[in-house]
Amino acid sequence: MQEVVISGTGLYTPSESVSNEELVIAFNEYVRRYNERNAASIAAGEVTALAESSPEFIQKASGIESRYVMNKSGVIDPDRMYPFIAERSDDEIGIQAEIGADACRQALARAGKTVDDVDAIIVACSNMQRAYPAVAIEIQQALGCGGYAYDMNVACSSATFGIQAAADAIRSGSATCVLVVNPEITSGHLEFRDRDCHFIFGDVATAIVIEAKKTCTVNGAFEVIGTRLQTKFSNAIRNNFGFLNRCDESGVGARDKLFRQEGRKVFKEVCPMVADQILSHSQDLGLSVEQIKRFWLHQANLSMNELISRRVLGRDATKEEAPVILNEFANTSSAGSVIAFHKYHEDLQPGQVGVMCSFGAGYSIGSVFVKRC
Ligand code: CO8
């Protein structure tokens with residue numbers, strides 16, 4: 001069977017960032033105005049007063065310190081609490097394709113490839129800005145690639161699911177060089193007025209070049225030695241936004257049309273599933289736990305990652321073994337484990353093994369074991 005490698009990655013980072021303190025100032029001002037506006041109803045017991053958020057809670061509960069956003073002014077405006085992202089004409093490149101293409105160009109440069117080498121593009125992320133044409137096909141057009149392109153969505157696990165789809169395409173001979181792109185504009189689907197989740201997400205785009213080992217020209221690529229995917233239905237993370245919304249006017253704009261979750265439940269249910277998958281996947285690949293030198297985990301919550309690596313290793317992982325990027329980026333959905341890989345892979349020696357692992361809505365879990373060439 002055709003051997004497959006990851007030969008380059010790219011990272012687009014928005015220019016604007018919001019600290020926990022800035023986010024909380026805006027949120028608490030929103031709360032103050034809401035409670036003032038509804039003072040009579042709150043006093044009459046008809047409306048529940050909103051509670052304030054705090055930077056200390058956010059840092060302690062999640063490990064997040066800041067997040068990049070495509071637009072800061074809208075997010076921290078207490079009268080708005082969501083980004084300003086202007087619509088573009090059909091003749092202009094869409095914003096998701098634009099940031100995705102930027103990450104692709106970086107990934108191609110690192111892989112020593114040109115757009116002529118690419119014969120497939122998979123956009124794999126949590127939210128697509130429109131139904132069609134596919135964002136992936138728009139990126140194909142923007143880059144000037146041939147072949148085929150399509151969009152897929154498995155929420156936070158989209159990247160690992162995309163990597164398996166790319167690796168399978170290469171192994172079966174339907175492609176030789178695939179770009180997997182994760183343009184995550186999570187701020188578009190985050191309720192910044194909900195203190196349970198207003199701090200969780202950030203925007204970013206990542207891209208990964210996956211190609212046949214025989215075409216790879218760069219030193220230090222990573223051979224994909226195993227991929228495993230798992231899904232199990234859960235309502236604990238859900239977003240009911242969709243094309244049928246307009247068919248029932250009563251639900252248009254309701255809270256369930258944005259991201260919502262039962263964070264504690266997710267934490268409890270998903271951590272053991274992830275640890276079990278990493279352990280069983282490594283065993284089936286004939287790898288001992290000691291041979292896993294790096295854990296590029298999905299970046300949703302610091303305690304979650306610490307718990308998962310502890311369950312796998314039987315001890316706490318070091319920062320080198322399980323690098324953390326969520327303090328700076330927050331949860332960037334599918335892009336999190338790719339950012340961790342992008343920033344923390346150079347020191348691995350030939351023959352050393354690491355695992356990229358994602359988990360999220362669905363539930364969905366993906367593990368990708370790689371070995372440094
Ligand atoms: N400030 C102060 N207090 C707060 C705040 C706040 N901001 N928020 C909640 N509290 C309070 C609560 O009200 C609660 O109070 P009480 O004890 O009186 O009831 C107390 O703090 C504790 O609340 P929680 O139990 O909710 O706190 P946790 O310690 O569980 O932390 C987390 C909450 C951080 C959300 C945590 O549960 C977590 O990270 N869970 C895992 C989440 C996760 O990984 N989710 C994956 C989602 S991503 C995905 O797959 C889909 C991607 C889709 C992308 C879309 C884009 C937008």
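Y30 counts as buried because its relative accessibility is 14% (buried is under 20% relative accessible area, exposed over 50%, partly exposed in between, with a 1.4 Å probe and protein chains only). This is a predicted model, where local features need pLDDT of at least 70, side-chain atom pairs count only at pLDDT 80 or more, and totals for chains, interfaces and linings use all residues. Residues are numbered from 1 along each chain as its sequence is written, and side-chain values use heavy atoms, with hydrogens and water left out.

F27, Y30 and Y34 come together in one aromatic cluster (rings of Phe, Tyr and Trp, the last by its six-membered ring, pair if their centres lie within 6.5 Å; planes under 30 degrees apart are stacked, over 60 edge-to-face, the rest tilted). Y34, at 21% relative accessibility, is partly exposed.

Y68 and F329 make a tilted aromatic pair, with 5.1 Å between centres and 55° between planes. Y68 belongs to strand β3 (residues 66–69) and F329 to helix α10 (residues 326–329), so the pair ties together parts 261 residues apart in sequence. Helices (H or I, at least four residues) and strands (E, at least two) are DSSP runs, numbered from the N terminus. Y68 is buried at 15% relative accessibility, and F329 is buried at 2%.

## N28 and its contacts

Let's turn to N28, which sits in helix α1 (residues 20–37) and is buried at 15% relative accessibility. Beyond its neighbours within four places in sequence, N28 is in contact with E52 and S53 (heavy atoms within 4.5 Å).
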